[in-house]
Amino acid sequence: MKLYLIVLLCLFFNYAFSQNSGSLSGTVVDQDNKPLEKATVSILMQQDSAVLSYSLSNGKGEFNFVKLPANKKLILYISHINSNNHHQDIVLAVEEKKQLDTIKLGGKLLDEVVISVAPPVRMNKDTLEYNTDFFKTRPNANAEELLKQLPGLQINMDGTIYYQGKEVSQVKVNGKDFFATDLRIATRNLDASLIKTVQVYRDKGESKKIVEDEEKLPITINLKFKKDFLKASFGKLYGSAGTRDRYEAGGLFNTFRDTLQVSFIGFGNNINRESFDYNELNQHGGLGRSENYGFNDFGGRNYNGKANDIAAGFNLNNDWGKKSKLNIMYMLKYKKE
């Protein structure tokens with residue numbers, strides 16, 4: 001009986017939702033009346049300018065949206081890198097299938113100066129850009145919570161990110177590598193309110209060769225921050241004690257200032273245990289940024305039996321221009337058998 005009621009309720013809510021939604025379609029052309037491919041078409045709520053959905057026009061300049069809320073004031077926002085932006089107010093009736101007249105975008109003049117608000121979503125050549133002003137997050141939200149608001153991105157419980165069904169392989173900050181290859185270090189430790197633009201693109205790396213199948217390229221997310229950012233700090237601590245004066249303790253602290261990245265590492269134990277393993281040093285200690293891979297020494301591996309091992313050090317990286325990088329690693333150790 002309970003199962004029967006649940007099925008009826010699901011059908012009722014599905015029916016009610018379908019009865020209170022509409023669809024919208026149209027065609028975008030340029031100033032010469034030629035179809036505009038990859039024009040970014042966004043649907044916003046007029047009340048708070050929050051983005052409901054977005055789409056890219058196809059080769060014929062066509063776009064189509066379904067299951068849009070009925071009897072709500074919406075904004076249709078269309079942008080293209082080679083044309084002026086277009087926006088208009090839309091209100092859909094219940095179950096309305098609205099077909100718009102052909103929308104013509106005017107071209108941009110080379111000497112034209114236009115001051116306008118950046119569109120919520122746009123294609124900039126081969127890069128998809130989200131303007132974060134249109135995506136609301138709670139105070140003190142991290143970057144991961146912001147990414148969850150962006151249409152087209154899927155964020156799983158374990159922090160992995162998918163775009164168009166493919167896993168995102170890297171997250172950069174202002175076009176540069178962050179602390180580690182683990183993208184969760186960036187998405188879960190950076191403040192969402194300081195991010196200006198989120199860019200998604202298929203990464204060709206340093207190569208300028210033409211790629212036949214760009215679908216096979218890795219996907220990268222670049223977080224462009226406002227000018228007042230470029231600083232963050234995070235880390236981890238642990239400690240425990242036992243009988244016969246046994247103990248262990250350790251900590252990692254990372255600080256990020258523009259292109260200067262510094263990791264401080266300290267540990268001590270007398271139970272013959274490695275304080276930090278390869279993954280912790282690579283992901284949380286920033287050693288993945290350096291060219292020196294003496295991870296075992298930095299982690300406190302002891303090959304000589306139980307001893308009182310204490311050590312502290314740092315790992316510093318700083319980018320100088322596009323191709324030069326400074327890396328300094330130092331560790332001071334104390335061991336008493």
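Residues are numbered from 1 along each chain as its sequence is written. Because the model is predicted, local features need pLDDT of at least 70 and side-chain atom pairs count only at pLDDT 80 or more, while totals for chains, interfaces and linings use all residues; side-chain values use heavy atoms, with hydrogens and water left out.

**The sheet**

Four strands form an open sheet in the order β3-β2-β5-β6, and their pairing is antiparallel. At the edges stand β3 (51–56) and β6 (83–91), each of which pairs on one side only. From one strand to the next, the twist averages 15 degrees, where axes are lines fitted to C-alpha atoms (for helices over the stretch in contact) and angles run from 0 to 180 degrees between N-to-C directions. Strands (E, at least two residues) and helices (H or I, at least four) are DSSP runs, numbered from the N terminus. Two strands are said to pair if DSSP finds at least two bridges between them.

Strand β5 (residues 73–80) pairs with β6 in the antiparallel sense over seven bridges. Within this pairing, Tyr 77 has His 87 of β6 as its bridge partner, and Ile 78 stands opposite His 86 in β6. A hairpin through two residues joins β5 to β6. Strand β5 is also joined to β2 (residues 40–45) by six bridges, and these two strands run antiparallel. Here the bridge partner of Thr 40 is Ser 79 in β5. Seven of the eight residues of β5 are buried, so the strand is mostly covered. Buried means under 20% relative accessible area, exposed means over 50%, and partly exposed lies in between (1.4 Å probe, protein chains only). In a regular strand the side chains alternate between the two faces of the sheet.

**Salt bridges**

Side chains of opposite charge can pair when their charged atoms come close. A salt bridge is a side-chain nitrogen of Lys or Arg within 4 Å of a carboxyl oxygen of Asp or Glu. Three are found in a search of the whole structure, as listed below.

| Arg residue, relative accessibility | Glu residue, relative accessibility | N to O distance |
|---|---|---|
| Arg 122, 31% | Glu 129, 10% | 2.8 Å |
| Arg 138, 48% | Glu 145, 23% | 2.8 Å |
| Arg 188, 35% | Glu 144, 9% | 3.0 Å |

Arg 122 counts as partly exposed because its relative accessibility is 31%, whereas Glu 129, at 10%, counts as buried. Arg 138 is partly exposed at 48%, and Glu 145 is partly exposed at 23%. Arg 188 is partly exposed at 35%, while Glu 144 is buried at 9%.

Arg 188 and Glu 144 form a salt bridge. This pair links distant parts of the chain, 44 residues apart: Arg 188 lies in the loop between α3 (184–187) and β15 (195–202), and Glu 144 lies in helix α2 (residues 143–149).

**Asn 269**

Asn 269 belongs to strand β19 (residues 260–269). Its relative accessibility is 1%, and therefore Asn 269 counts as buried. The side chain of Asn 269 reaches the backbone nitrogen of Ile 271 at 3.2 Å. With neighbours within four places in sequence left aside, Asn 269 is in contact (heavy atoms within 4.5 Å) with Tyr 247, Glu 248, Ser 275, Ala 307, Asn 308 and Asp 309.

How values were computed:
Polar contact = N/O pair within 3.5 Å; in protein donor to acceptor, adjacent residues only side chain to side chain.
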